Amino acid sequence: MSKPTLVIGNKKYSSWSLRPWLLLKHSGIDFDEIRIPLDTPEFKDQVRQYSGAARVPVYIVDGHAIWDSLAIAESVAESHPELWPEDPVARAFARSMVAEMHSGFTALRSELPMNCAAHGRQIEISAAALSDIQRIETLWQQCAAYHDGQGSWLFGRFSIADAFYAPVVVRFQGYNLPLHKATRAYCDMALQDAHLRNWMADGEAESEVLDIEEAGTV
């Protein structure tokens with residue numbers, strides 16, 4: 001079997017790419033990565049070499065492409081079931097909050113783009129974005145009911161939920177926001193993760209600057 005490959009966008013900005021990358025790292029899967037800079041005239045043609053969807057991420061296993069971050073996560077979980085909580089009720093809750101992250105929080109995504117080079121920027125946000133933040137904080141607090149207190153991740157041990165909310169962690173440290181103490185504690189813990197730190201360092205070192213992804217003031 002050949003080594004799998006993950007096709008990603010800019011590490012500085014691509015929240016969709018971060019999710020499966022982090023999952024693969026935490027699963028101990030050895031993979032190659034191909035980075036295709038976002039928002040260039042060549043981007044779609046370059047990605048179409050790997051997926052007709054012309055979007056990142058794309059996970060290539062034995063010559064077969066899996067696209068979309070959630071599809072990749074579920075595929076990885078087939079051989080790494082520990083990426084979902086073992087308890088059926090906790091697993092259902094985790095799947096629900098991952099699906100909500102995958103399809104919702106549009107105001108947060110629009111107004112607070114993930115930017116690994118942003119640190120505590122000042123920003124004015126809409127009521128809709130504030131509502132998204134409060135909903136995320138509520139979900140994170142509810143997770144505590146689904147594990148036995150062992151471990152600091154959302155469900156005790158690292159899971160797909162942590163991977164899917166990792167871009168939110170990056171957003172929360174990138175902008176000056178009114179967050180609960182428990183929210184900041186989880187973010188501080190997640191930001192100490194070696195894999196996430198490596199991703200963010202790589203992203204901050206990238207030379208490309210996408211104006212559309214730059215928000216807030218220093």
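So, helix 7 is the main contributor to the lining of the largest cavity, giving three residues. This is a predicted model, by the way. Helix 7 covers 160–174, and along with helix 8, at 181–190, it belongs to the elements that each supply at least two residues of that lining.

What lines the largest cavity, then? You've got Leu-22, Trp-153, Asp-162, Ala-166, Val-169, Tyr-186, Ala-190, Asp-193 and Leu-196. Sort those by class and you get seven nonpolar, no polar and two charged residues. The volume is about 40 Å³, and the count of cavities of 30 Å³ or more is one.

Now, how do helix 7 and helix 8 pack? The angle is about 105°, and the axes are 10 Å apart. Angles of 65 to 115 degrees count as roughly perpendicular, so that's what we call this pair. On the helix 7 side the contact uses Asp-162, Val-169 and Phe-172, and helix 8 brings Thr-183, Arg-184, Tyr-186, Cys-187 and Ala-190. By class, that contact has five nonpolar, one polar and two charged residues. If you're keeping track, Asp-162, Val-169, Tyr-186 and Ala-190 also turned up in the cavity lining.

Next pair: helix 1, residues 15–27, and helix 9, residues 194–205. They pack at about 140°, again with axes 10 Å apart. That makes helix 1 oblique to helix 9, and the crossing is right-handed. From helix 1, Ser-17, Leu-18, Trp-21, Leu-22, Lys-25 and His-26 meet His-195, Leu-196 and Trp-199 of helix 9. This contact splits into five nonpolar, three polar and one charged. Leu-22 and Leu-196 are cavity-lining residues too.

On to the pockets. The largest has a volume of about 640 Å³. It's lined by 21 residues, and nearest its centre are Ser-14, Trp-16, Leu-38, Arg-55 and Val-56. Helix 1 shows up here again: helix 1 and helix 2, at 43–47, each supply at least two lining residues. The class breakdown for the largest pocket is eleven nonpolar, four polar and six charged.

The second largest pocket comes in at about 200 Å³. Of its 13 lining residues, Trp-140, Gln-141, Leu-154, Ala-182 and Tyr-186 are the closest to the centre. Helix 6, at 127–143, and helix 8 are the elements giving two or more residues to this lining, which has eight nonpolar, four polar and one charged by class.

How values were computed. Residues numbered from 1 in each chain as written. Predicted model: local features only at pLDDT ≥ 70, side-chain atom pairs only at ≥ 80, totals over all residues. Heavy atoms only, no water. 1 Å grid on protein atoms, 1.4 Å probe; cavity = no way out; pocket = protein on both sides within 12 Å on 5 of 7 lines; lining within 4 Å. Points joined across faces, edges and corners; volume = space filled by probe spheres on them. Helix = DSSP H or I, 4+ residues; strand = E, 2+ residues; numbered from the N terminus. Nonpolar A, V, L, I, M, F, W, Y, C, P; charged D, E, K, R; others polar. Axes fitted to C-alpha atoms, helices over the stretch in contact; angles between N-to-C directions. Parallel < 35°, antiparallel > 145°, perpendicular 65-115°, else oblique. Contact = heavy atoms within 4.5 Å. Left-handed = near helix turned anticlockwise from the far one by under 90°.
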